[in-house]
Amino acid sequence: MRTVPGPTDHVVVIGAGLAGLSAALRLAGAGRRVTVLEREDTPGGRNGLLEVDGYRFDTGPTVLTMPDLIADALDCVGEELADWLDLVPVDPLYRAFYPDGSSLDVLADPAAMAEEVRRVCGGAEAAGYLRYVDFVSKLYRYEMADFIDRNIDSPFDLLTPNLARLAALGGFRRLAPKVNSYLSDPRTQRVLSFQAMYAGLSPQDALAIYAVIAYMDSVAGVYFPKGGMHAVPRALAGAAEKHGVELRYGTTVERLEVRGGRAVAAICADGTRVAGDAFVVNPDLPLAYRQLLPPELTPRRVARQSYSPSCFLLLAGSSAHYSRTAHHTIHFGRAWERTFDEIIKKGQLQSDPSFLVSTPTKSDPGLAPDGKAAYYVLVPTPNLDADLDWSVLGPRYRDEVVHRLEAAGYVGFGDAIEVEDVTTPADWRARGMAAGAPFAAAHSFFQTGPFRAANLPRTVDGVVFAGSGTVPGVGVPMVLLSGRLAAERILGPDRGYRSRALPH
């Protein structure tokens, strides 16, 4: 495994997102001096927080899976997860509503979920579901150790026995046909393959190995931290500070000073120069190359990469409550393949939208004033490579989204809104996400594993990237792992910190 050459006694982490904090905890646990520079006044990065009139909204991810990865990061400095976070299991994981008026609850327990599938779709589909759980569970075991939780320097590093096992299992077939080989009802097919959107691909185009997201999402369980998702970066940052990490908030890094092919200091907007031996760079990777490093150091692979779809996000504080919904509710439109063609291939808005409504106050009423509710409405859209003017489109699309919600059963949703906040793809770009894509670079074959933008660049020494733009990819679990992998690029394979065994 390649590592940062030379001294690494003082590591500067740029960005207090989940990946940067994950790396900082591991580095501190190994005895390194660590300084974190964060442009905002709070930690979190994309996992942000908006507080308005007694409402607390998460502005980024709302689905938390695999909390063992948080426990592992805290364990590096001898801290226990239970001392920092109060995690509540979300049950059901999702509630899916379909155009025919039916609904299906997604449950973490396979036996209970099989019974739910039997109730809605019949006995044959329930049996197929249990075979699918066996498939994705094996997929996870074969992928985790060799392909996800591992730094890879060359495609030859993938030549392990688990590669043959993945091939024999059908992991390199397309996702949709593989899912359909177990499930025949469009309702189960959709709710167990929509996660491909997180990888920036349609189920028809994604490799079956990305069914591992469905394992993390729909088999391993979904949790919610009391206080909202922003409690996660607050916990990681608090533990880091307790163990000697210096966090400097309100500090914007404008560039990295490079001498003799090595990064030697971070130059901040206020003129401060923060010298370091190594730098973990957490901002979105393509923009980090473009903004922090000399242009000639950007690899062609990064300059030419393609991006995942974006999304329109409506945060609403409301006086209305809806008893039929769950914490996470998915509303599927009648279209399916057409939806992916529209937003990924044609750069068009969905003509028959599918969307997610999260209601975090169902798990934590304290996120809103007494008797009120907080809503997080996410609608997938094209990214900014599409010819859409969001400065004009944004207000109109907000009204269309409210109309769609009301048609889906959220009666009086618009009139009940007390506070609201809208984020369009243009806003995501303004927050530092290339192409306005919060799900980062798409996980196409040549942007996956050893072909994804590397966390240890060959064009400059002393820099390690972390976050969703590099390995292993997008999503809270992957981003936490990216911090772990970044730390190992500095510390070497022996790490120098204690680490619990992850579930492989």
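**Cavities and a buried strand**

Mentor: The residues lining the second largest cavity comprise seven nonpolar, no polar and two charged. Here Ala, Val, Leu, Ile, Met, Phe, Trp, Tyr, Cys and Pro count as nonpolar, Asp, Glu, Lys and Arg as charged, and the others, Gly among them, as polar. This is a predicted model: local features need pLDDT of at least 70, side-chain atom pairs count only at pLDDT 80 or more, and totals for chains, interfaces and linings use all residues. Residues are numbered from 1 along each chain as its sequence is written, and side-chain values use heavy atoms, with hydrogens and water left out.

Trainee: Which element gives the most to the lining of the second largest cavity?

Mentor: A cavity is a set of points, on a 1 Å grid over the protein atoms alone, where a 1.4 Å probe fits but cannot get out; lining residues have an atom within 4 Å of a point. Helix 13 (390-407) gives the most, with five residues. Helices (H or I, at least four residues) and strands (E, at least two) are DSSP runs, numbered from the N terminus.

Trainee: Why is strand 14 described as largely enclosed?

Mentor: Buried means under 20% relative accessible area (1.4 Å probe, protein chains only). Nine of the nine residues of strand 14 (residues 310-318) are buried, so the rest of the structure largely encloses this strand. Both of its faces are covered, with Phe312 among the buried residues on one side and Leu313 among those on the other.

Trainee: Which residue of strand 17 stands opposite Leu314?

Mentor: Two strands pair if DSSP finds at least two bridges between them. Strand 14 pairs with strand 17 (residues 373-381) in the antiparallel sense over nine bridges, and Leu314 stands opposite Val377. Val377 also lines the second largest cavity.

How values were computed
Buried < 20%, exposed > 50% of the residue type's maximum accessible area, 1.4 Å probe, protein only. 1 Å grid on protein atoms, 1.4 Å probe; cavity = no way out; pocket = protein on both sides within 12 Å on 5 of 7 lines; lining within 4 Å.
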